[in-house]
Amino acid sequence: MTEQEYRKPIPHPSPETEFFWRKAGQHELWIQRCIDCGEPFFYPRLHCPDPGCMSDRIEWFRASGRGTLYTYMINHRPAPGFEADAPYAIAVIQLEEGPRMMGNIVGIENTPENLALDMPLKVTFTDATDDIAIPNWEPA
Amino acid sequence: MSLRYKTAIVGAAETSQLGVIPDMSETQLHVDAAINAMRDAGIDASQIDGISATMNPATLAHYLGIVPDWVDNTSVGGTSFLIHMRHAAAAIASGLATTVLCCMGQSGRSRVGVSAPRIGTAAGPSGPSYDVSYPGQFESIYGPLGPTTLFGMGVLRYMKETGTTIEQLASVAVAQRRWSSKVPRAMFRQLVTVEEVLASRMICYPYRLFMCCPVTDGGGAFILTSAERVDDYPTKPVYILGSGEAVETPVVSQMYDMTSSAAFKASSSKAFAEAGVTHADIDHVQIYDAFVHLPIYGLEDLGFVGRGEAGAFIEEGNTSPGGRLPLNTNGGGLSYTHTGMYGMFAMQESVRQVRGEAAHQVEGVRTSFCQGVGGMFMAAGSLIFTNEAPHG
Ligand SMILES: [Zn+2]
């Protein structure tokens, strides 16, 4: 990370997500799992999203940080703060543990030729502020 | 309770103008369409006892000088108006209302009298930066810019899983221009080829300009009443034969399956079951199309074709003029108009086709299936219309 100011949107944690962002700030990807039915899930919640379970016995665990490129679009009209990146991919990553999450792809030019679906990716973190880091993905 | 043949549309109209309307506020667009629909039905506002809209119904009630005792303000995106019609049908069938005005107006392009941010506005550093919602925390940070950069997020996955080609996706826009070419009120009427679609400006890969809808101004309204009262009106009645609604998720990347809409399946199957008809009984289809993948997902999730077959079905001309399943015959959101919440316009074309008064009329339409989407596969509404009288 350079000393340049981070101009992209910065997440504002809510009580449910504070732990996720604290760990991301330490460059670790943590997600949740239901203790009763065992299912991992994302985004952070206070209870199991399986409608037949609804357990509030939830635990955080450190994800492997490995995933695959599930799908993406390449945006040619940059959002504020993304001007220098355009065109850039907005991607959905299939985590090894099961849930999907959105991310940008770094360390490789974002072209359709470079971005094959199901290619292996690994998490990397981009520092945004002293406390906040953004999970992103690079070819594994 | 089934809503089959309980209600009929006796008034239908769009705003007097369509496309770019800089001299009307969003409220006035609602009222313009509402008055046109009341005139179509041969009634005045004093006969309206129910109002539905995504804007505050009280604003419209007072503007029209009435005190309706039934309202619906369900707001789940552009399919809300189909859901309003379903709720209004239920209200009429149960005696809560007799004559409902279902209306819609949107200054999507000119932004006159609008409080909501323009579609495509980023939640950037100067935007709603304390958005603690899921999209605010886990999506806006990656640089999306409205539906153009998110709605098609599942398309590459869909293409890989089904073998659907980019040419087949482009053929959706081609087919719909064949329809809009004879629709004077359509925004875009010039025929295009697959090659021209694929040569248009890249907006958000894999989507190019002609694969995305425009943003326009306009509105529409219906007068819905009991099927027993249709003889009191001068118009050809259009009966509601079946209806459905469903919601899934406001976040496209968290859909249960990004290559298929659970809400489309739930909503459309309910409508078919209520109507008691099969796909073979449907003469005409409208599927809300903000982007070219929507008719493809729609044809499959509604069950008109099998998984992975929709692209070839459209490419081969089955949904074009002369094809066996006329689809989006006003040109759809892609070519006719798209104010941001297009569902009202999809229904208006279904009703025109069933009445036999569409600009690009399909011969012999008796039934029309109209499928709406709200948000980005967030919500769905389905209605089946017919011009055949009950026990007829
Ligand atoms: Zn559980």
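Because the model is predicted, local features need pLDDT of at least 70 and side-chain atom pairs count only at pLDDT 80 or more, while totals for chains, interfaces and linings use all residues. Residues are numbered from 1 along each chain as its sequence is written, chains are lettered from A and ligands numbered from 1 in the order in which they are written, and side-chain values use heavy atoms, with hydrogens and water left out.

Let me start with the metal. The zinc ion has as its protein donors the SG atoms of A:C34, A:C37, A:C48 and A:C53, at 2.3 to 2.4 Å, where a donor is an N, O or S atom within 2.8 Å of the metal (3.2 Å for Na, K and Ca). Along the sequence these donor residues follow the spacing C-x2-C-x10-C-x4-C. The angles among the four donor atoms run from 102 to 123 degrees, and the site is tetrahedral, a label given to four donors if all angles lie between 85 and 135 degrees. Of these cysteines, A:C34 is buried at 1% relative accessible area, whereas A:C37 is partly exposed at 32%; buried means under 20%, exposed over 50%, and partly exposed in between, with a 1.4 Å probe and protein chains only.

Now to the two chains. The contact, meaning heavy atoms within 4.5 Å, takes 40 residues from chain B and 41 residues from chain A. Between them there are two salt bridges, each being a side-chain nitrogen of Lys or Arg within 4 Å of a carboxyl oxygen of Asp or Glu. One salt bridge joins B:K160 to A:D118, with 2.8 Å from N to O, and both residues belong to a network of salt bridges that also takes in B:R157, B:E161 and B:R307.

Finally, what about salt bridges within a chain? In chain A, the side chains of A:D36 and A:R57 meet at 3.0 Å, N to O. A:D36 lies in the loop between β1 and β2 (40–41) and A:R57 in the loop between β2 and β3, so the pair ties together parts that are 21 residues apart in sequence; such strands are DSSP runs (E, at least two residues), and helices are runs of H or I, at least four residues, all numbered from the N terminus. A:D36 is partly exposed at 45%, and A:R57 is partly exposed at 45%. In chain B, B:R366 and B:D283 form a salt bridge at 3.3 Å, N to O.

Terms used. Four donors count as tetrahedral if all angles lie between 85 and 135 degrees; four count as square planar and six as octahedral if opposite donors are over 155 degrees apart and all others between 65 and 115; anything else is irregular.
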